[in-house]
Amino acid sequence: MLKRTDVVFLDSTAIFEAHRTGIWKHLMGGFQLATVEKCLEEAETGNLAGNPNQVDTTELRKKVSVHRVDEKAVVDAMVDSNFQLAMLDEGEKELLACAHRHDGAWYLSSQDKACLRVGTMLGMIERFVSLEEMANVAGIRPRVPFRVHFTRKWLSEVRTKCRLGVI
């Protein structure tokens, strides 16, 4: 069960949604946030001019643990996923590979169905967590409602479909 101070690996989509909903600063105080270089790169390239939810990636590097993922970690996760890791985008590949070799208690927030499917194959489906659940555990109320795929209900439904092999 997710608790404050747990390590949570974030996909770039989770980083953007946390900024959009106004919960980012509170999440940093409630959890040990982590990501990978490729997701940080995606966050940097997703910072479009005029976007009110831009991510300050310089500040993010100071406050979030950013992991470098070596080729061996990706290859190990690729083999363990029966090569299904190959279908994911580069950020998700690195994120799952990094989490796959991480020891101790940790969670992962990604809102991509394919990522959850591959995560199921890697035995980590129970480690996926929604931003809504993170906010609830940290006692944060979002400024605006979460988009549907950042909610507990959506994650629960996708987990069930992954377990059943429907996704």
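Let me start with aspartate 89, which caps the N-terminal end of helix 6, with a side-chain oxygen 3.0 Å from the backbone nitrogen of glycine 91; helices here are DSSP runs of H or I of at least four residues, strands are runs of E of at least two, and both are numbered from the N terminus. This is a predicted model, in which local features need pLDDT of at least 70 and side-chain atom pairs count only at pLDDT 80 or more, while totals for chains, interfaces and linings use all residues. Residues are numbered from 1 along each chain as its sequence is written, and side-chain values use heavy atoms, with hydrogens and water left out.

Nine of the 11 residues of helix 6 are buried, so this helix is largely enclosed by the rest of the structure, where buried means under 20% relative accessible area with a 1.4 Å probe, protein chains only.

Glutamate 94, which lies in helix 6, is buried yet has no salt bridge, and the nearest side chain of opposite charge, lysine 38, is 6.3 Å away; a salt bridge would need a side-chain nitrogen of Lys or Arg within 4 Å of a carboxyl oxygen of Asp or Glu. The backbone nitrogen of lysine 38, however, lies 3.2 Å from a polar atom of the glutamate 94 side chain.

Technical notes:
Buried means under 20% relative accessible area, exposed over 50%, partly exposed in between (1.4 Å probe, protein chains only). Lys and Arg count as positive and Asp and Glu as negative; His and the chain ends are not counted. A polar contact is a pair of N or O atoms within 3.5 Å; within protein, one must be able to donate a hydrogen and the other to accept it, and residues adjacent in sequence count only if both atoms are side-chain atoms.
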